[in-house]
Amino acid sequence: MKYGEREFTFQLRNRINKIEQELRDVTMELEQIYTPLFQKQNLDLFVKFEVTNGDHFDEGYESVVIIFINDDMEGDMLDFYNVAVWKCSRTFLGIPLSKKIFGSKVIGELVDESLSDIKVELETYLDDFLELPD
């Protein structure tokens, strides 16, 4: 769901904080459950919740759930998956910008899915990867 700069309120900040904290908990839970299962197949699993530095409403701020799967033996990255939670950026006519220009706007985009849907999506991805034939 997209939000314009005028919609950047205390309530939105609290909503983003709540979602981010809940997803931090989900990522820790998934990592504890799935890491031993991946280790049995000689795979390294990293499930992390990453946030760029700064304020939620600063351009460039982004929070995302990231899953890396590496081959334990070779160290090669086998797969990468991410779910963007909140991203704040500057745009002009819908085109992302790196600098402020006249007429550009700061917009934020919050994930549309519910917490339970995101958790199911991540679990499904991990389960599907474990079921792949060698």
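**Reading strands, helices and salt bridges in a predicted model**

Trainee: How many bridges join strand 4 to strand 6, and in which sense do they run?

Mentor: Strand 4 and strand 6 run antiparallel and are joined by six bridges. Strand 6 also pairs with strand 1 (residues 2–4), again in the antiparallel sense, over three bridges. On that side, Y3 has G108 as its bridge partner in strand 6.

Trainee: Which side chains of strand 6 point to the buried face?

Mentor: The side chains of strand 6 (residues 105–110) alternate.

Trainee: What is the mean pLDDT of the chain, and which element has the lowest mean value?

Mentor: The mean pLDDT of the chain is 89, and 96% of the residues reach 70 or more. By element, the lowest mean belongs to strand 5 (residues 95–97), at 74, and the highest to helix 1, at 94.

Trainee: Let us turn to the helices. Which residues of helix 2 are buried?

Mentor: The general idea is that an α-helix has 3.6 residues a turn, so residues three or four places apart point the same way. In helix 2, the buried residues are I118, L122, Y125, L126, F129 and L130. Viewed down the axis of helix 2, these buried residues fall within an arc of 135°, so they line one face of the helix. They pack against helix 1, strand 2, strand 3 and strand 4.

Trainee: What span should the 16 residues of helix 2 have?

Mentor: At 1.5 Å a residue, the 16 residues of helix 2 (residues 115–130) should span 22 Å; the end C-alpha atoms are 23 Å apart, which agrees.

Trainee: V26 lies in helix 1. Is V26 buried or exposed, and with which residues is it in contact beyond its neighbours within four places in sequence?

Mentor: V26 is buried, because its relative accessible area is 7%, under the 20% cut-off. Leaving aside neighbours within four places in sequence, V26 is in contact with L115 and K119. V26 and G108, 82 residues apart in sequence, are 23 Å apart in space, C-alpha to C-alpha.

Trainee: Finally, how many salt bridges does a search of the whole structure find?

Mentor: Side chains of opposite charge can pair when their charged atoms come close. A search of the whole structure finds five salt bridges. In one of them, K18 and E22 have their closest N and O atoms 3.3 Å apart. K18 and E22 both lie in helix 1 (residues 10–39), four residues apart, which is about one turn of the helix. K18 counts as exposed at 53% relative accessibility, while E22, at 26%, counts as partly exposed.

Trainee: Where do K48 and E31 lie?

Mentor: K48 forms a salt bridge with E31, in which the closest N and O atoms are 3.4 Å apart. This pair links distant parts of the chain, since K48 lies in strand 2 (residues 43–51) and E31 in helix 1, 17 residues apart. K48 is partly exposed, with a relative accessible area of 35%.

Trainee: With which residue does E59 form a salt bridge?

Mentor: The partner of E59 is R90, with the closest N and O atoms 2.9 Å apart. E59 lies in the loop between strand 2 and strand 3 (62–71) and R90 in strand 4 (residues 77–92), so the pair ties together parts that are 31 residues apart in sequence. E59 is partly exposed, with a relative accessible area of 36%, whereas R90 counts as buried at 8% relative accessibility.

Terms used:
Residues numbered from 1 in each chain as written. Predicted model: local features only at pLDDT ≥ 70, side-chain atom pairs only at ≥ 80, totals over all residues. Heavy atoms only, no water. Salt bridge = Lys/Arg side-chain N within 4 Å of Asp/Glu carboxyl O. Helix = DSSP H or I, 4+ residues; strand = E, 2+ residues; numbered from the N terminus. Buried < 20%, exposed > 50% of the residue type's maximum accessible area, 1.4 Å probe, protein only. Contact = heavy atoms within 4.5 Å. Expected span 1.5 Å × (residues − 1). Arc of directions from axis to C-beta. Pairing = 2+ DSSP bridges. pLDDT = per-residue confidence, 0-100.
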